[in-house]
Amino acid sequence: MFRTQEMEINMGPQHPSTHGVLRLKLRLDGERVVDSWPVIGYLHRGIEKLSESKEFIKITPFTDRMDYVCAMSGNLAYLGAVEKLCGIKVPEKAAYIRVIMVELNRIASHLLWLGTHALDIGAMSIFLYGFREREMILDLFEAYCGARLTYNAFRISGVPADLPPGWKEECTGFLKLFRQRHREYEQILTANRIWLKRTKDVGYMDAEHCLALSVTGPVLRAAGVARDLRKDEPYAIYDQLDFDIPVDDGCDTYARYIVRMAEMLQSVHMVEQCLEKMPSEGPLMGMKGRRMKPRKDEEIYFAIEGPRGEQGVYLISDGTDRPYRCKFRNSSFANLQALAPMVQGGLVADVVAIIGTLDIVLGDSDR
Amino acid sequence: MDAAMLKEIGEIVVRMLIIFTAVFTGVGYMTLVERRVSAWMQDRLGPNRVGPQGLLQPLADGLKHLMKEDVTPPGAHRMVFILAPIMVLIPAVLSFAVIPIAGDAINLQDLGLPWDWQIKPFIADVSVGLLILLGLASLEVYGVVLAGWSSGSKYPAMGALRSTAQMISYELALGLAILPVVLTTGSLRLQTIAEAQAGTWFGFVPHWNVFIHPFGFLFLLISIFAENKRLPFDLPEAEPELVAGYHTEYSAMKFVMFYMTEYSAMIANAALMVTLFFGGWQVPGLVLPQPWMFLVQAGAFAAKTFFFLFLFVWVRWTLPRFRYDQLMNLGWKVLLELAFINLLVVAMLVAAGVM
């Protein structure tokens, strides 16, 4: 019998398609992946430990730097946890502004995913189309909070500022344009024969395995499980909004593409509703002063639905203004577990497609 | 050295000067065209700083690469590592020697120059020009596989394996797609094939092979995309997977040589397609006095070639990439069979005297 020698190859941490600093050791039989070991931790900054020595308010900027592609969601998850811990109520207007920002950030995050995922599969132009629209969202964020990547846009108990004058109109204009552009992306990819060939039945993972590995977000929803914290455990003002949860039961890379594309449109729909329903007057901060006084030995877990899945924060207080323990449950870290079983038996070209479809951010998984 | 010999040498030198100057300028400016066109498609500007509209960019790039450090990685096989880029570049450039760029020879005196030299529209008049072209195309594989192997690194080795398999597979389909043209024309000489496409049907449809062999042209187009390693078949250098494929470890001028190879092979293949299927230099219904005829025909040839080059660029920035096994399936299980059936049908029609 013929036997080929297996080759061990090192993909990353410096590699064009590992999306940051993921290192992937692959054992290859020709082009086929026999075994794989993801190696993480190249971006570890010890944020959880660091948080134990900071006041609650000073931890917020760290959450920007974990999942830097959707820093707004990171902010919201952490602040939501602190507010739950201390029993602070957020004024309605502030909650609306938060949801607007988070949903816009979800679109921006999905655009980055679409661009890099398509780039990995070889469609280069869509990368720049995606960035063109993401740029407009970043401009909106810049107009609101001054930052384009690490926003730190919310405060404990609310938001620091109202939407600047003219922002609403600009946002409405963008949403209108985005619906158009979204159709363009679909025209380029959705029915493209090569795109179908590259994504159908690639990276298959059914609901049972997704749940066993605690995979959440679009990957889980593309396996037919309609799990979305915005509907299941509504936070902020999501219970006042009308939206659907896109679900697909293809379980493969293409299904995840369909789900994320549909989610972008849902987010547009939500932002439109928010802009309409948002009260024009009202307080922005629910709390005066800056001292947190959580009860002693209180433990809480608060999670939101981020673009990549469940973004949870677990806090233990010891009665001081610093957390005794601050644990982040980040979706990239959990979803990364699905990588090895997904690439098993696939080709090298599938590996990059699967890394793309899991939509991992290494800052998020390494913390 | 007598005058006749001097004249012959002079003629050859002028021919070579014309064609190779055109080719190397074309290669340089193709890089600019690719970058500007892709920028235009992607809603950005592209290189427009060096010279008007970035027209001096290729020169600046060349100069930059000349001054870069030429790194030979420690694991490399030195000798082969240096030879490999030369081995890919030479066959790619040589293939221009047999491609005719116009109909009749031109006398330099017609252009107002003092020498009575007849400049033929090709460098070498070879009766088996098509075979030479195919042979040179397959020689390119050696340079690629040696480049990948001698780099002493895993990604280039994988890229080299992929490209070898790909080029060899698609060469079969490429040859089979061309053969129907040879059958109906009855010659392997490219000038004869181009001349055979003179005239029109009904006065307005040019008598080009593409209308006689539409399937042959389609198969040739697909195989040329694969042969050139252009997207959607650019697996050997698929940068998200293999970094840069077989030329990952190359730097400075050696790297430039791979780029020149890519673009000159692209131009050669576009010129081949034009010669075989689009009448070569033919401009239907045009008759002009000699110096103008030559220039217009050469211009028409360049324009037709440029159309295909633009097509290459256009496709590259639009489509996603095939996977390696899908590419092999397409080559062996679909394209080869279809090209073969096409050849059989044409052969039967020729034997029956219909074509």
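**Exercise 1. A sheet in chain A**

In which sense do strand β2 (residues 23-29) of chain A and β3(A) pair, and over how many bridges? Then place these strands in their sheet.

*Solution.* Keep in mind from the start that this is a predicted model.

Step 1. β2(A) and β3(A) pair in the antiparallel sense, and seven bridges link them. For one of these pairings, find R23(A): its bridge partner in β3(A) is V39(A).

Step 2. Now look at the whole sheet. It is open, has three strands in the order β1-β2-β3 (chain A), and its pairing is antiparallel. β1 (7-11) and β3 (32-39) of chain A are at the edges with a single partner strand each, so one side of each has no neighbour in the sheet. On average, neighbouring strands here are turned by 20° against each other, direction ignored.

Step 3. Helix α14 (residues 348-358) of chain A lies across β1, β2 and β3 of chain A, at about 150° to β2(A). The other chain takes part as well: helix α5 (residues 154-185) of chain B lies across β1 and β2 of chain A, and runs at about 110° to β1(A).

**Exercise 2. A second sheet in chain A**

Describe the sheet with the order β4-β5-β6 (chain A), going from strand to strand.

*Solution.* 

Step 1. Start with the overall plan: three strands form an open sheet with antiparallel pairing. Here β4 and β6 of chain A are the edge strands, each with a single partner, so one side of each is left without a neighbour in the sheet. Neighbouring strands are turned by 10° against each other on average, direction ignored.

Step 2. Follow the link from β4 to β5. Strand β4 (residues 296-306) of chain A is joined to β5(A) by nine bridges, and a hairpin connects the two strands through two residues. Two pairs to find in the picture are E305(A), which stands opposite E310(A) in β5(A), and I300(A), whose bridge partner in β5(A) is L315(A).

Step 3. Go on to β6. Six bridges join β5(A) to strand β6 (residues 323-329) of chain A, again running antiparallel. S317(A) has P323(A) as its bridge partner in β6(A). The hairpin of β5(A) and β6(A) has four residues between the strands, and G319(A) takes a positive phi near 90° there.

Step 4. Ask how enclosed strand β5 (residues 309-318) of chain A is. Count a residue as buried if its relative accessible area is under 20%. Eight of the ten residues of β5(A) are buried, so the rest of the structure largely encloses this strand.

Step 5. Finish with the helices. Helix α2 (residues 56-66) of chain A lies across β5 and β6 of chain A, at about 20° to β6(A). Helix α3 (residues 71-86) of chain A packs on the sheet too, touching β4, β5 and β6 of chain A, and its direction makes about 150° with that of β4(A).

**Exercise 3. The nonpolar cores**

Which residues of the largest nonpolar core touch the most other members?

*Solution.* 

Step 1. The core has 112 residues, and those with the most contacts to other members are M101(A), L104(A), L114(A), F154(A), W167(A), L315(A) and L339(A). Helix α4 (residues 92-121) of chain A contributes the most, with 16 residues.

Step 2. Another core, of 70 residues, lies apart from this one; among its members are V98(B), Y263(B), L272(B) and F277(B).

Step 3. Zoom in on L339(A). Leaving out residues up to four places away in sequence, L339(A) touches L22(A), L24(A), P38(A), I354(A), I355(A) and L358(A).

**Exercise 4. Chain B as a whole**

*Solution.* 

Step 1. Chain B has twelve helices and four strands.

Step 2. Check the inside: 52% of the 355 residues in chain B are buried.

Definitions and conventions
Residues are numbered from 1 along each chain as its sequence is written. Chains are lettered from A and ligands numbered from 1 in the order in which they are written. This is a predicted model: local features need pLDDT of at least 70, side-chain atom pairs count only at pLDDT 80 or more; totals for chains, interfaces and linings use all residues. Side-chain values use heavy atoms; hydrogens and water are left out. Two strands pair if DSSP finds at least two bridges between them. Axes are lines fitted to C-alpha atoms, for helices over the stretch in contact, and angles run from 0 to 180 degrees between N-to-C directions. Contact means heavy atoms within 4.5 Å. A nonpolar core is a set of buried Ala, Val, Leu, Ile, Met, Phe, Trp, Tyr and Cys residues joined through side-chain atoms within 4.5 Å. Buried means under 20% relative accessible area, exposed over 50%, partly exposed in between (1.4 Å probe, protein chains only).
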